[in-house]
Amino acid sequence: MRSTFYVCLIAALSFGLWELTNRPVDAPQWTGTIDGFAYSPMQPGQSPISGEYPSTAEIEADIAILAAQANSIRTYGVDGTLAQIPAIAARQGLSVTLGIPLGEDAAINREQLERLTSLVMQNSNIERVIIGNEVLLTETLTAAALGEYLADLRELRDVPVSTAAPWHIWLQP
């Protein structure tokens, strides 16, 4: 009986101490411009997997909202109407970090890279390119294969080219 009392007392004291030291804090009001947003224009029921893409009007409406609050956007694909994003963003004064997925199919990867290259050449507001998000994490591509794609793209206009992966990937030998 006595041990139950002490367990409850210690639990109550622990909870009370935790409660005192972990008070909620209101975030300060943000009034400035956000540097950039990660942007995918997909609406409910749309998916690049199913080939259902947003309309140009939907993308324009989204980007108008983002342009009022940010300087840039990052995108993740160039299929369908997604290829219109850099031009729409330019009209709103936004810079773009243009991204594409890469997979195991080299022919599809080349198509993606050709579309991306064309868009970079046509749109001066594309400030950087990120390809193959997390392909090293998912082991979709080897580091050597990804490196070849990166090397090919570095021939582009004066645009930095890279990939994105979680931090721990870079610690692996």
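Arg91 is exposed, with a relative accessible area of 58%, where exposed means over 50%, buried under 20% and partly exposed in between (1.4 Å probe, protein chains only). The structure is a predicted model, in which local features need pLDDT of at least 70 and side-chain atom pairs count only at pLDDT 80 or more, while totals for chains, interfaces and linings use all residues. Residues are numbered from 1 along each chain as its sequence is written, and side-chain values use heavy atoms, with hydrogens and water left out.

Arg91 meets Glu60 in a salt bridge, a term for a side-chain nitrogen of Lys or Arg within 4 Å of a carboxyl oxygen of Asp or Glu. Because Arg91 lies in helix 3 (residues 85–91) and Glu60 in helix 2 (residues 56–67), this pair ties together parts that are 31 residues apart in sequence; helices (H or I, at least four residues) and strands (E, at least two) are DSSP runs, numbered from the N terminus. Glu60 itself is partly exposed, at 34%.

By this rule there are five salt bridges, among them the following pairs.

| Pair | N to O distance |
|---|---|
| Glu19 and Arg23 | 3.0 Å |
| Arg91 and Glu60 | 3.4 Å |
| Asp152 and Arg110 | 3.1 Å |

Asp152 in helix 5 and Arg110 in helix 4 (residues 106–122) are 42 residues apart, and a network of salt bridges links Asp79, Glu111 and Arg115.

The chain also holds an open sheet of five strands, paired in parallel in the order 1-2-3-4-5, where two strands pair if DSSP finds at least two bridges between them. Its edge strands, strand 1 (34–38) and strand 5 (161–162), each pair on one side only.
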